[in-house]
Amino acid sequence: MTSFSYPDSPQQDCTDNYHGTLVSDPYRWLEEADSEATKAWIEAQNRLTFSYLETIPERESIKQRLTQLWNYEKYSVPFKKGDRYFYFKNDGLQNQSVLYTLKSFEDEPTVLLDPNTLSEDGTVALSGLEVSKNGEYLAYSLSRSGSDWKEWQVLEIETQKKLSDRIQWVKFLGVSWMRDGSGFFYSRYDEPNEATQFQDSNYFHKLYYHALGTQQSEDILIYERPDQKEWGFEGKVSEDGRYLIIEVVTGTARKNLVFYKDLEEPNAPVVELIREFESSYSFIGNQGTVFWFSSDRDAPCGRVIAIDIANPAPEHWQEIIPEAAETLQGIHLLNHSFVANYLKDAHSAIKIFTLTGEFVREIELPGIGSALGFYGKREDTETFYAFTSFTTPETIYRYDFMTGKSTIFRQAQVDFNPEDYETQQVFYTSKDGTRVPMFIAHKKGLKLDGNNPTILYGYGGYHISLTPSFSVSNTVWMERGGVYAMPNLRGGGEYGEDWHQAGMKDKKQNVFDDFIAAAEWLIEKGYTRSEKLAIRGGSNGGLLVGACMTQRPELFGAALPAVGVMDMLRFHKFTIGWAWVGECGSPDDAEEFKALYAYSPLHNLKAGTAYPATLITTGERDDRVVPAHSFKFAAALQQAQAGEQPVLIRIETKAGHGAGKPTAKTIEEIADQWAFLTRVLNCDL
């Protein structure tokens, strides 16, 4: 095994006192992303990483196969506004998908917006869009180099004329048009310091109204709370145009307030409907003064309730669709009925109910997988949805409410044979006896002899559910003999809010225990062995990988933590990191500090330990999980590593947290990761 001479990472004398516990932070200087020292460190680390990757013979063939397999037409689920349909299409290898429009599917589609023309390298991405209800205007947002900052612009659809409107300093949320298309509501932060806009914390969200044809400086402030710096606001105009629904959140917690404003009454006040952060409430639609919400109040798996704003006391609320055994993931109002998307053991089930809650039918899906889409308006008699699984590329269906039938609208043509692969769902037991599901996909005829290179992928947080979906990168891994395993860890939303809360704050260790138990199960059953097992995850999943490789370094042959939250004592000090306190806890709280310190990857590295081969990936312009997390972890891990396995970091320039990454950059990164695994797991992939 090659011995490594790692770039110099000077340790500085930096110590913090957390509730009487002294914690050293010798690589604090790497938090200064634009300092000359950090820039030199990034350059040196990338030079080492790419010099290593360039010695792997399989790297180029993996990249070629990824490129070949990636090169197929990809369509998004169509949606309709006014008399027009809209959808995205990627010819195969375009860096960004192109937005098309047409009035009938017999017509020739027109390119409405092509983000590939906005930059030579594809790093300007279309990050959001909203078509006015009459189909006359398109509001769209652009992000640059993967940043969460968005700039909104407006296009007149018929003439494709770009209007003068510009909305800046928006993050995460979209816009909502007035029914007549005269303007839209949006939320923004104050203009940041230009030099530190990618690191500074974001507070004091404000909700505005923008009238078309005016300057942003003229926009009308609808709502703000100077006394609540962490509150965030999203305004949504009801389909009938009568009400502005304001959902109020604090951080990423799944508890929100709901306010509303009557748009037909001049100078109408903002009315507080849900005043306590005690449950989640998501507005579905309304019938006059009756508002429908999906909520987990007294229903951890979700239900649909009706609140009459003319008589809003909780004792007058009505239950429309009761909580089911399955988890309610989302709900749409179509054909004067509710279309409910449920998760049953982490795969989709779609059910239709009347507006009074009577069950009508279940939409028959092609198999065990994930269904998404079902966009439209209350009176629509058709809708479109996409279905995908580990071995089924995304297929788009048109659903006819009159006949109850689904027909294929677009089917991907991918250069592989799905009949060569199989997927199974197993259930294993975690450390505390909890039953956890896991999907396993691989080529048919797999020998359970412990010699199969295996990727174990996880997330486990923020109520996010991992469901089956087709992936070119995973297919390339599997067609070369690899196994792909994906457990549904606690902290996710697969089994409702109780499952989520079982992996939050002081219970976060349950997530790591679930992941470790999945690895042990795969080894016990003969799928793989430690030397052939890699763990992979991004963002919160990067934290997962970091925690597990520090807790059980001998269990894994390789680790691929991407854009991970590695410093659990300082995460809340950058950009939107403070918003994760509701999920993770705060190091400023003495008890929560103990739990965070116990698993924080950066703080649990031990010198003299043989850690698995590690390839850390991050984006230089990641302003969600700032790259300092990965920088500091890489420096500390290189210092601590006593084994012969490499510890490398791949830092993408002009890239952020991952959203909007150009196809070319994505293929290159995956090729490097798979090549790395080919070398360190000693396998022929």
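Visitor: What makes Glu591, Lys594 and Ala598 of helix α8 count as exposed?
Guide: Exposed means over 50% relative accessible area, buried under 20%, and partly exposed in between, with a 1.4 Å probe and protein chains only. Glu591, Lys594 and Ala598 are exposed, so each of them is over 50%. This is a predicted model, where local features need pLDDT of at least 70, side-chain atom pairs count only at pLDDT 80 or more, and totals for chains, interfaces and linings use all residues. Residues are numbered from 1 along each chain as its sequence is written, and side-chain values use heavy atoms, with hydrogens and water left out.

Visitor: Which residues of α8 are buried, and how do you know that they lie on the same side?
Guide: α8 spans residues 590–599, and its buried residues are Phe593, Leu596 and Tyr599. The arc is taken from the directions from the helix axis to the C-beta atoms. For these residues it covers only 145°, which puts them on the same side of α8. Their cover includes β1 (15–18), β2 (21–24), α5, α6 (540–551) and α7 (581–584).

Visitor: What makes the pair Asp589 and Glu591 a polar contact?
Guide: A polar contact is a pair of N or O atoms within 3.5 Å; within protein, one must be able to donate a hydrogen and the other to accept it, and residues adjacent in sequence count only if both atoms are side-chain atoms. At the start of α8, a side-chain oxygen of Asp589 comes within 3.0 Å of the backbone nitrogen of Glu591. The pair therefore meets the distance cut-off.

Visitor: Why is Asn474 called buried?
Guide: Its relative accessibility is 9%, so Asn474 counts as buried. Asn474 sits in helix α3 (residues 472–479). Contact means heavy atoms within 4.5 Å. Beyond its neighbours within four places in sequence, Asn474 contacts Tyr484, Arg536 and Trp674.

Visitor: What makes a set of residues a nonpolar core?
Guide: The members are buried Ala, Val, Leu, Ile, Met, Phe, Trp, Tyr and Cys residues, joined through side-chain atoms within 4.5 Å. In soluble globular proteins, nonpolar side chains tend to be buried together. The largest core here has 114 residues; Trp41, Met438, Leu456, Phe676 and Leu677 touch the most other members. Helix α5 (residues 509–524) gives the most, with nine residues. A second, separate core of 15 residues includes Trp292, Ile320, Phe338 and Tyr342.

Visitor: How do you know that β8 and β9 pair?
Guide: Two strands pair if DSSP finds at least two bridges between them. β8 (residues 124–131) and β9 (residues 137–144) have seven, in the antiparallel sense, so they pair. Val131 has Leu138 of β9 as its bridge partner. The hairpin has five residues between the strands, and Gly135 takes a positive phi near 75°.

Visitor: What makes β24 and β27 edge strands?
Guide: The open sheet runs β24-β25-β26-β27, with antiparallel pairing. β24 (327–334) and β27 (359–363) each pair on one side only. Inside the sheet, β25 (residues 337–344) and β26 (residues 347–354) share eight bridges. Leu343 has Ser348 of β26 as its bridge partner.

Methods
Helix = DSSP H or I, 4+ residues; strand = E, 2+ residues; numbered from the N terminus.
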